[in-house]
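Keep the model open as you read.

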Amino acid sequence: MAVIDVHAHWEPRMLDVPAMLAKMDAKRIDKVALIPAMNDPLPDETPEALLKVLRFAMRSCHPLAQALNVAFMTDEGNLRLKGRVFEIYARPDNAAVARVLAEHPDRFLGWIFLNPRAAIGIDELERWRHRPGFVGVKLHPHWHGWKVEEAIPIATRCEELGLPILIHLGFARKGEWRVLADACPRLTMIFAHAGMPHFDRMWGAIRDYPHLYLDVSSPYLDEALARDAVRAVGAERTLYGTDAPYGFHDDEGHTYDYGAIRGWVERLPLAAREIDAVLGGNVERLIGEGGGKR
Ligand SMILES: [Zn+2]
């Protein structure tokens, strides 16, 4: 059974290929699906105390969570953390991930990052989708600042091609996932970070749509939240992901700990076969479906 991290960021300024491969080998991760860098490398980890507040706000009180989030964004749509501004890239560099896929086809997969607001859409998808290793499309309406409906043309093309979309939802119209799910009922969509910032408010509805999934990546979640998500949507709709290189620094220093979220999954109160599905079996099936149609 393969272990596949479905959500990691290609950020060689924090974690380069040799370092990633060493960590993957140490923790028996077979493959990592890389997302092209969309922002300047972020500073140290977000303090756990702040993450706790954010988690609580997102799960219980949408307006508070939204207000907290606004405090982290500049008027230009960049991130403001600890008094410094970190650029969000409107046009993430898909070519950089393509080079990694070409060099290490057995260890890395890739997401093609599109942004309808910056007019990188279907042309960019057509440019990369035949490259071996690219498995689907990444969308980030939250940080790229667009309404979900703007992605309908991209979603329609992905549905035709059988390519999954990994999407990080935002608030209000940047988070209206049903717009895509209803427009494209055969589209496979994976909601990053267990559907953040909607979490519990969307989990029940996911069961009504047969092609929707959650990943359990990121320090935005914690083990209890991940367990609740899996209980709500089922192991067959949950995918292992990390959000590397962000969060989960190991005890020895500042390097990324590839075992942290894997531990959450392995400790889920599930049968071994279900844990295997979360760790890799589910995503292998999704990628297989897409690959078959291309
Ligand atoms: Zn991420």
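Helices (H or I, at least four residues) and strands (E, at least two) are DSSP runs, numbered from the N terminus. Two strands pair if DSSP finds at least two bridges between them. The model is predicted: local features need pLDDT of at least 70, side-chain atom pairs count only at pLDDT 80 or more, and totals for chains, interfaces and linings use all residues. Residue numbers start from 1 along each chain as its sequence is written.

Eight strands make an open sheet, ordered 1-2-5-6-7-8-9-10, with parallel pairing. Strand 1 (4-9) and strand 10 (238-239) are at the edges with a single partner strand each, so one side of each has no neighbour in the sheet. Strand 8 (residues 189-191) and strand 9 (residues 212-215) run parallel, joined by three bridges. M189 has L212 of strand 9 as its bridge partner.

Now the helices. The axes of helix 2 (residues 48-60) and helix 3 (residues 62-70) come within 6 Å and cross at roughly 135 degrees. Axes here are lines fitted to C-alpha atoms over the stretch in contact, with angles from 0 to 180 degrees between N-to-C directions. L54, A57 and M58 of helix 2 meet L64, A65 and L68 of helix 3; contact requires C-beta atoms, placed from the backbone, within 7 Å.

Helix 10 (residues 223-233) buries L225, A226, A229, V230 and V233. Buried means 20 or more other C-beta atoms within 10 Å of a residue's own, with C-beta atoms placed from the backbone. These buried residues of helix 10 pack against helix 2, helix 9 (200-206), strand 9, strand 10 and helix 11 (260-266). G234 follows helix 10, with a positive phi near 95 degrees.

Note on methods: Contact = placed C-beta atoms within 7 Å. Buried ≥ 20, exposed ≤ 12 C-beta atoms within 10 Å, placed from the backbone.
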